[in-house]
Amino acid sequence: MTDSEATLAARKSPSTGRNFRNKDQLSLQTMILPGIIFILVFTFIPLYGVLIAFKEYNIITGIRGIFTAEWVGLDNFKEFVNDINFWNMLRNTLGINILGLLINFPLTILFALMLNELTSQHFKKLTQTVTYLPHFISWSIFGGLIINILSPSSGVVNYVLLQLGIISEPIHFLGEQNYFWLLAVLTNLVKELGWGAILYLAAIAGIDQEMYEAAYMDGATRFQRIWHITLPSITGTIVILLVFSISNILNSGFDQFFVLQNPLNIDSSEVIDTYVYKVGLREFRMEYATAVGLMKTVIALVLLYLANLTAKKITKRGIF
Amino acid sequence: MVKDRSWREHLFNACNVLIMLILIVFTLYPFWYSVIGSFNEGADYARGGVYLFTRQFTWDNYSALFSDSALIRAFGVTVARTVIGTFTHIVFTAMFAYAFSRRNLKYRKFYSMLGLSSMYLSGGMIPFFILINSLGLYNHFLVFIIPALFSFWNVILFRSYFAELPEALIESAKIDGAGEYTIFFKFILPLSKPVIAAVSLFTAVGHWNAYYDAMIYTFGDHLQTVQLYILKLVQSTEAALLLANMSGTVGTAHSTVTTTTLQLSAMVAASLPIVLIYPFVQKYFIKGMLIGSVKG
């Protein structure tokens, strides 16, 4: 049986099959096996663990407890619908991410277009190198920088605003509810703007240069060339990245919020991920935290589906 | 007409360059700000005004920082996990990717399905924590290594590179009697330096920047990473600052090293390796990102 399958495989791919032996198939399978075990353990066991969202779970019982714990139906879900914190952090998660999408998504495209219009290749390279850098700095460091710069006592932002007469006394930016959403969006912009432009730049690099030359001959201005050639050529990339961004709206980046939040801004800085961490691993209400996490995953999947559907309807392109 | 056009072009270029310059300054300034602060005397820094250059130069912050054995230990843990974690990830993931790239691998569809689902499905934070706990990895160095051994995303990166390698190479090695393992280790890996470089760099940066796993899966100082050390410093300063603000006093007036300047020097020390190495390896990062996006 295995023999005939091997010959079949050999016929299908004559270039590789001729010297193919059973021993090699065995070798290949042993190369695959560790990875498959990894996936089963680290993806599928936790997936099964989601069941505790419907149970009364105790951490002492370990993995076995996932199976043996008692069913409580939708009790954990009912609990968070009635949890005042839950609605607050759902509002923060959605608010910050939608604001971020509205501001940062178009600005990243604009940045890529402007970068592409730079005439000096050296300067373009320099700009890229500098703006990519923050992407590789961790949020614990980058957040620390932000906290220092915005500090009401020694921070430079307050100093500049005071000198310009815009404010009359220092503002504790991270200590106030009102500024947090915008601060979260803008700091994320500074960190990810450059790196976010990479895929657009690659798409732009693939555009046929003859189109630009022809447009130039016809007297098209620079702006017209961007508008009528560059932008339409990267629509596919834009749509795909937009769909991904929308589906990621609830994955609001634990790191950034965890670093920037403090007791004074917590009402506008608590997001689903940080809430799950606190409830689950500090208060050890694991089944409750899992229920909140599961809710998030479900909403994210629905969003991805809707975004993809819309993208397909409008532009005839989608990711699946 | 032509003249008008070139005038506009020049204006456009000038504005464009100006905006980019502003952006560069905005991006670099926070780093510069922390560098000058980290070399400034602490009490003097607390008075404010250290915005462009160091006012009272001192090495004290750095000597205080590196006299802290917890930090030295954190650097050790971080370097160890970065080196070991990156190496093991590459071998584990690349080996899977090689077998996965071979067309005569049986059950490939099934493996591919499992792999893709591992990219998109996740049980979330809590079930993963229970798993780590049950595996006995809690508060063990291997918690940084084992859960990070494999990534299907990187399998895709490796596979798309392996697929470009000439099939004849494998053919001739087989005629010479080489098995799949020999082919992988002796022929494929040495030919795959660019993709290994790209994946290694992404993995290494991930390890270097990690604090989340150290915070959740370990306790005490002995497995603390540099980033977690910094996070604790930042959050304790922030807490101190909040307290000072609310009670109307500015704390730590007399010491030459304050938590703020200490924090700044820790941030500079921890980001230095990345800032120094990054410009030289940038092309590998970009290459890796592009391979992944085309195939993924």
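Which helix of chain B is Val17(B) found in? Val17(B) sits in helix H1, residues 2-38 of chain B.

## Ground rules

What you're looking at is a predicted model, where local features need pLDDT of at least 70, side-chain atom pairs count only at pLDDT 80 or more, and totals for chains, interfaces and linings use all residues. Residues are numbered from 1 along each chain as its sequence is written, chains are lettered from A and ligands numbered from 1 in the order in which they are written, and side-chain values use heavy atoms, with hydrogens and water left out.

## Val17(B) and its partners

Back to that valine. Val17(B) has 30% relative accessibility, so it counts as partly exposed (buried is under 20% relative accessible area, exposed is over 50%, and partly exposed is in between, with a 1.4 Å probe and protein chains only). Leaving aside residues up to four places away in sequence, Val17(B) touches Leu118(A) and Phe123(A); a contact here means heavy atoms within 4.5 Å.

## Chain B as a whole

Helices (H or I, at least four residues) and strands (E, at least two) are DSSP runs, numbered from the N terminus. The radius of gyration of chain B is 25 Å, well over the 19 Å that the globule rule gives for 296 residues, so chain B is more spread out than a compact globule. That radius is taken over C-alpha atoms, and the rule is 2.2 Å times the number of residues to the power 0.38. Along its principal axes, the C-alpha trace of chain B spans about 75 × 75 × 35 Å.

Buried residues make up 50% of the 296 in chain B. Take the contacts in chain B with a separation of 6 or more: 72% of them come from residues 24 or more positions apart. As for charge, chain B has 20 positive and 14 negative charges, and their mean positions are 11 Å apart. Lys and Arg count as positive and Asp and Glu as negative, while His and the chain ends are not counted; each charge is placed at NZ of Lys, CZ of Arg, CG of Asp or CD of Glu.

## Two loop residues with positive phi

Tyr107(B) has a phi near 60 degrees, a positive value in a residue other than glycine. You'll find Tyr107(B) in the loop between helix H4 (69-101) and helix H5 (108-120) of chain B, and Tyr107(B) is exposed, with a relative accessible area of 55%.

Asn139(B) also has a phi near 60 degrees, again positive in a residue other than glycine. Its loop runs between helix H6 (125-134) and helix H7 (152-162) of chain B. Is Asn139(B) buried or exposed? At 19% relative accessibility, Asn139(B) counts as buried.

## Transmembrane annotations in chain B

An unreviewed UniProt entry lists "transmembrane region" for residues 12-32, 70-98, 110-132, 138-162, 183-205 and 262-281 of chain B. UniProt positions are given in the numbering used here, feature names are shortened, and annotations may be inferred rather than shown by experiment. Residues 110-132 of chain B are 83% helix and 0% strand, with end C-alpha atoms 26 Å apart. Residues 138-162 of chain B are 44% helix and 0% strand, with the end C-alpha atoms 36 Å apart.

H7(B) is mostly covered, with 8 of its 11 residues buried. Among the buried ones are Phe152(B), Val155(B), Ile156(B), Phe158(B) and Phe162(B).

## Chain A

Chain A has 18 helices and 2 strands. Its radius of gyration is 26 Å, well over the 20 Å that the globule rule gives for 320 residues, so chain A is more spread out than a compact globule. The C-alpha atoms of chain A fill a box of roughly 80 × 65 × 35 Å along the principal axes, and 51% of the 320 residues count as buried. Chain A exposes about 15500 Å², 65% of it from carbon and sulfur atoms.

For chain A, the UniProt "transmembrane region" annotation (unreviewed entry) covers several stretches, including 180-205 and 288-307. Residues 180-205 of chain A are 96% helix and 0% strand, with end C-alpha atoms 37 Å apart. Residues 288-307 of chain A are 100% helix and 0% strand, and their end C-alpha atoms lie 29 Å apart.

Notes: Areas by Shrake-Rupley, 256 points an atom, 1.4 Å probe, with all protein chains shown as cover.
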